[in-house]
Amino acid sequence: MIIIDNFLDKDLIKFFNKICVHQIPHFYGHNSHEKSNPFYKSNINLDDTLIRFICEKLKKQLNFKSILRAYINVQFKDMDGDWHDDDGTNTILLMVTKTLPKNSGCFEIKKDNKIEKVDFVQNRLISFDARLKHRGLAPKEPNTPRVTFALKTE
């Protein structure tokens, strides 16, 4: 797993946050697998200029051939994700919304029968093996969105 803090410029992450929270429509009913808690999701157009810029920046820092798809996940209190793995080779997550208190909205990943927790910090980028079981936990605070931008790569 690779973790990069302050991935985007400070003004750019604030701008991206506004777009993800207020401009991109979110659709309720996505889940990690059939029997898990539903949350919000929106597929992202890879031809969007801002998304292309972010993807080019990612390609410079991380080694991958192509992007399979991109989307944002939006979770509120009590919308925990369940353990799952992903398609593709690697998954890249960018934590978009404001930093949450410690142990709120954590990202968790299982490796070698151990669970590693990563606190939700705005502008933190995580890249990991898509075959590893992982999940995103909801924020503990009411009326507080937890938004991640996700890319599936080869």
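Strand 6 (residues 107-111) and strand 7 (residues 114-118) run antiparallel and are joined by five bridges, where strands are DSSP runs of E with at least two residues and helices are DSSP runs of H or I with at least four residues, both numbered from the N terminus, and where two strands count as paired if DSSP finds at least two bridges between them. The model is predicted, so that local features need pLDDT of at least 70 and side-chain atom pairs count only at pLDDT 80 or more, whereas totals for chains, interfaces and linings use all residues. Residues are numbered from 1 along each chain as its sequence is written, and side-chain values use heavy atoms, with hydrogens and water left out.

**Overall architecture**

- The protein chain contains two helices and 10 strands, and from the N terminus on its elements follow the order β-α-β-β-α-β-β-β-β-β-β-β.
- Along the principal axes, the C-alpha atoms of the protein chain fill a box of roughly 35 × 35 × 30 Å.
- Of the contacts in the protein chain with a separation of 6 or more, 78% are accounted for by residues 24 or more positions apart, a contact meaning heavy atoms within 4.5 Å.

**Surface, burial and charge**

- Buried residues make up 45% of the 154 residues in the protein chain; buried means under 20% relative accessible area, exposed means over 50%, and partly exposed lies in between, with a 1.4 Å probe and protein chains only.
- The accessible surface of the protein chain comes to about 8,500 Å², and 47% of this area belongs to carbon and sulfur atoms, as computed by the Shrake-Rupley method with a 1.4 Å probe, where for residues only the protein chains shown count as cover.
- The protein chain has 25 positive and 20 negative charges, whose mean positions are 2 Å apart; Lys and Arg count as positive and Asp and Glu as negative, while His and the chain ends are not counted, and each charge is placed at NZ of Lys, CZ of Arg, CG of Asp or CD of Glu.

**Strand 4 and its partners**

- Strand 4 (residues 67-75) is largely enclosed by the rest of the structure, because seven of its nine residues are buried.
- Strand 4 pairs in the antiparallel sense with strand 3 (residues 39-43) over four bridges, and Tyr71 in strand 4 is the bridge partner of Asn43.
- Strand 4 is also joined to strand 10 (residues 146-153), by eight bridges in an antiparallel arrangement, with Ala70 standing opposite Leu151 in strand 10.
- Leu68 has its place in strand 4 and counts as partly exposed at 38% relative accessibility.
- The C-alpha atoms of Leu68 and Leu151 are 7.5 Å apart in space, although the two residues are 83 residues apart in sequence.
- Not counting residues up to four places away in sequence, Leu68 touches Asp87, Gly88, Lys152, Thr153 and Glu154.
- Thr148, which is found in strand 10, is buried with a relative accessible area of 3%, and its contacts beyond four places in sequence include Tyr71, Ile72 and Asn73 as well as Leu93, Leu94 and Phe120.

- Strand 6 and strand 7 form a hairpin with two residues between them, and Asp112 in the turn has a positive phi of about 55°.
- Strand 6 is joined to strand 9 as well, by three bridges in the antiparallel sense, and Phe107 has Gly136 in strand 9 as its bridge partner.

**Loop residues**

- Asn6, in the loop between strand 1 (2-4) and helix 1 (10-23), has a positive phi near 55° although it is not glycine, and Asn6 counts as exposed at 60% relative accessibility.
- Asn143, in the loop between strand 9 (134-136) and strand 10, likewise has a positive phi near 55° in a residue other than glycine, and Asn143 is exposed with a relative accessible area of 74%.
- Pro145 lies in the loop between strand 9 and strand 10 and counts as partly exposed at 21% relative accessibility.
- Pro145 and Val21 are 124 residues apart in sequence and 8.1 Å apart in space, C-alpha to C-alpha.
- Pro145 touches Val74, Gln75, Phe76, Thr97 and Pro139, leaving out residues up to four places away in sequence.
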